[in-house]
Amino acid sequence: MTFDFDTPVNRRGTDSAKWNVGPTELPMWVADMDFRTAPAVEKAILDRASEGVFGYTTFPDAWYGAYIRWWRERHDFAIEREWLGFAVGVIPALSTAVRVLSEPGDRVVMLTPIYSAFPAIVEGNGRKTAEVPMLRSYESGRPVYSIDWDALEDALRAEHTPLLIFCNPQNPTGQLWDRRTMARIGEMCRAHGVTVLSDEIHSDIAMPGKRCLPFAAASENNLAVTATFLSPTKAFNLMGLKTAAVCAADPELRGKILSALGDLAGANVFAAPAAVAAFTEGGEWLDAVCDYIFQNKARVDRFLAEQLPEIASTPSEATYLMWLDVGKITDDSGKFHEYLRRETGLYVCPGTWYRGDGARFLRLNAACPRPLLEDGLDRLRTGVKKYEAEQGIRV
Ligand SMILES: Cc1ncc(COP(=O)(O)O)c(C=O)c1O
């Protein structure tokens, strides 16, 4: 079957958070794709809507079965039914887990740059973010990140440090983590009594031929110390539906999170049918959308190499996000993102939202039809060239 990802979907005036922008602006910021979801998911939602009765709902066996099968077949992770519980979203579930697994004032470790909601929920709950900046080096002019193991160990061994929030794959860098790295992190966490909350919401968007291995599947030890946060929403573009899951093998850990989720665990009537359709019938569409996204990412890289060699993207095997090093142009990506938006209408995320070395990065969302991508690249070139001319930057 072929799918049309090229034809733009008009999202202006649809109450889309991403497209809540000026009439000539082009949003390439929040992690939301400009594609319709998989036909099977659309059909499941329309079928459920046509029932016309929307009373309280439960979770059918099919919901558990869909998660179990998908993670076994796609991610080599053998989930047992009782490990799973529903959540309305990854961030509400993570925030609940932080509250129930730590005390006010405790430290929560994370590798930076990192998705901005993690420090926000930690600090919003009166805990402290213990940032471990990743080490950046360059290979063929492109930024590459690795873990500063000594700094990580120091952070995990510090007193009052019950949690690590891990992002697999990493947002914003798009890094896929390998088994050895994750097993080593898991060993350290176990040695220091730290529980891992692994956010795997982006795990189904990977470069063709690559697979995302869940943190909990990297070793027996990892399984014991981890709660995983799963969802079909990023890969199938369903964020507005609010459907996710918490998965933990350890009964005590699972019990604490699921009982604390309490009233947050009530689902809307479309949550289960959409997840079931995505995970049972969405595979072919997903492979096609990943193929399209990684062609888009390759197009951005060719464009940068030919037209804006002063900007380098971070090599990435997962997510539709691109982490662009603009350090040759600015050391304040916050101001630079405002400039690009004002001068060209292109709205990308400033790296400063993600802490770590984000002041020299922009995050660009490449999950859009190719005409929009080309428009975004034109705007980027116009904005960068104008900025360089104004600032007297010679590259
Ligand atoms: C790593 C990561 N986790 C969680 C979320 C949001 O999850 P949810 O909408 O399920 O709360 C996002 C959204 O961008 C994300 O990038």
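Among contacts in the chain between residues at least 6 apart in sequence, what percentage join residues at least 24 apart?

1. The answer is 73%, where a contact means two C-beta atoms, placed from the backbone, within 7 Å. Please keep in mind that this is a predicted model, in which local features need pLDDT of at least 70, side-chain atom pairs count only at pLDDT 80 or more, and totals for chains, interfaces and linings use all residues. Residues are numbered from 1 along each chain as its sequence is written.

2. On overall form, the chain's radius of gyration is 21 Å, in agreement with the value near 21 Å for a compact globule of 395 residues (taken over C-alpha atoms; the rule is 2.2 Å times the number of residues to the power 0.38). The C-alpha trace spans about 60 × 55 × 35 Å along its principal axes.

3. Now to a helix pair. The axes of helix 3 (residues 90–101) and helix 4 (residues 117–124) come within 9 Å and cross at roughly 40°, the axes being lines fitted to C-alpha atoms over the stretch in contact, with angles from 0 to 180 degrees between N-to-C directions. Helices here are DSSP runs of H or I, at least four residues, numbered from the N terminus.

4. Who meets whom there? Ile91, Leu94, Ser95 and Val98 in helix 3 meet Ala117, Ile121 and Val122 in helix 4.

5. Lastly, Ser16 and Gly240 are 224 residues apart in sequence, yet 9.2 Å apart in space, C-alpha to C-alpha. Ser16 lies in the segment before strand 1 (26–27), a strand being a DSSP run of E with at least two residues.
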